[in-house]
Amino acid sequence: MNAQIWHEHVTRKAAVLVGCTALVLGLTGTGSAQAGGRDLGREVLPAGDGWASEGAGTTGGSAADAAHVHTVTTWAEFRQALADGGSTPKIIKVKGMIDAVAEGCDAFAAEGYDFQRYLADYDPAVWGHDTPVSGAQEDLRAASAAAQDQAIKANVPANTTIVGVGKGSGILGGSLQIKGVDNVILRNLTVEAPIDCFPQWDPTDDNRTGAWNSEYDGVVVYGSTHVWIDHNTLTDGRYPDSSLPSYFGKVYQQHDGLLDVVRGANHVTVSWNSFEDHDKTMLIGNSDGAGSTDTGKLKVTLHHNRFEGIVERAPRVRFGQVDSYNNHFVVTKGQNYGYVFGIGASSQLYATHNALSLASGVSVGKALKKWNEAPLTAENNYVNGRPTDLIAVHNAEIPGEILQSGAGWTPTLRTKVDSPRAVPGIVDHRAGAGRLR
């Protein structure tokens, strides 16, 4: 079955003493998550650095005692370390690339599930496009998916810092769930997007032409507050969409989002990350109908991030006051490209001092995509080194989607704002995992 795509990874186990306490969680409390002599696990979000600095700010697990500083080298150790001590401040140092799906997709398959049988049963020539799929193979697919869901999600508690050790550390195929908690920091990690081993065929989707729908975000911030996501690389990695097969004339989509901020999440800063080679990159607000939870929330700052090989949602915004500045968006020749900023229901996007590097022939107007009537501020942005009024160009190129200017608010929680002309040089050399200075 094509979903069996995971390589085996070598794991290492050891036990060391932390102070006077022996903790057996792989290598525990001794990994060097440092940059330039600094202990990254002890660092906190600087004052004024975006929405996550609001109020008491974001300190993560910086106050952890020795018993709650863990270095992990396997997925099992990582999840055990997260659970240790509940919301007690903790620092988890990820050493090397740890694999959430080391045993492969077949390990999750329910007895009797047969992908070829699934394809035969729900072939549109047999099933049609009028009703969602149902029956024995769909039930077994759902059971298989439930087993994967249980295995690859890791719940991050409050007051936690997760940091990669040195260069080349992070998580393969796992989904970090920052759900209903406060005060979390993720830094210096390479996160390879989870592969959904068991996507569902929906024959009624996409105007009744059908589509494969997948689950699992690399990182999801759900109903949580004060979250700092800094100097990470988030990517499809070894399994870009171009490597995926097609069935029923549609790509067998096995990816969902890279980083989503949803369901009343608030006060989030996303800084100095590299988002690479992905389709549906970042949702801020995941439903037009979520006004009861999202109105007045979803306050997110995005700055000094690099986006390359991204099809859409960088981000798509609903409801939130989202501040996007000093980001670099790169669209290369021949790349599948939809848009950068999605203007959704009641969104209040403030996008200034960004740089866009667009290949010849790529539409500047498509940098913005209107989903709902919601004014935005988009000033002092540069395209290929030249100041460009993104709203004016969009309205001229796409007159069926006229956008209004004026988000109705002005960000105050910003650190140094670089000239957008200088942004590509600054961001390209410093954004992503392994580049902390």
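**Close-up views of a predicted model**

The residues lining the largest pocket divide into five nonpolar, eight polar and nine charged. Here nonpolar covers Ala, Val, Leu, Ile, Met, Phe, Trp, Tyr, Cys and Pro; charged covers Asp, Glu, Lys and Arg; the others, Gly among them, are polar. The model is predicted: local features need pLDDT of at least 70, side-chain atom pairs count only at pLDDT 80 or more, and totals for chains, interfaces and linings use all residues. Residues are numbered from 1 along each chain as its sequence is written, and side-chain values use heavy atoms, without hydrogens and water.

**View A. The largest pocket holds about 530 Å³ of space.** Its lining counts 22 residues, and D241, V251, Q253, D279 and N336 lie nearest the centre. Two or more lining residues come from each of helix 5 (205-208), strand 15 (211-213), strand 20 (250-251), strand 23 (274-280) and strand 26 (306-312). Strand 23 gives the most, with four. Helices (H or I, at least four residues) and strands (E, at least two) are DSSP runs, numbered from the N terminus. A pocket is an open set of points on a 1 Å grid over the protein atoms alone, where a 1.4 Å probe fits, with protein on both sides within 12 Å along at least five of seven lines; lining residues have an atom within 4 Å of a point. The volume is the space filled by probe spheres set on the points, which are joined across faces, edges and corners.

**View B. Strand 6 (residues 90-94) is mostly covered, with five of its five residues buried.** Buried means under 20% relative accessible area (1.4 Å probe, protein chains only). K90, I92 and V94 are buried on one side, I91 and K93 on the other.

**View C. Strand 6 pairs in the parallel sense with strand 5 (residues 69-72) and with strand 9 (residues 160-164).** Pairing requires at least two DSSP bridges. Four bridges join strands 5 and 6; five join strands 6 and 9. I91 is the bridge partner of V69 and stands opposite T161 in strand 9. Strand 5, helix 1 (residues 75-83) and strand 6 form a right-handed β-α-β unit: with the strands pointing away from the viewer, the path from the first strand over the helix to the second runs clockwise.

**View D. F115 and Y247 form an edge-to-face pair, because their planes stand at 80° and their ring centres are 5.3 Å apart.** Rings of Phe, Tyr and Trp (its six-membered ring) pair with centres within 6.5 Å; planes over 60 degrees apart count as edge-to-face. F115 sits in helix 2 (residues 115-122) and Y247 in strand 19 (residues 246-247), 132 residues apart. Both are buried.

Methods
Buried < 20%, exposed > 50% of the residue type's maximum accessible area, 1.4 Å probe, protein only. Phe/Tyr/Trp six-rings, centres within 6.5 Å; stacked < 30°, edge-to-face > 60°.
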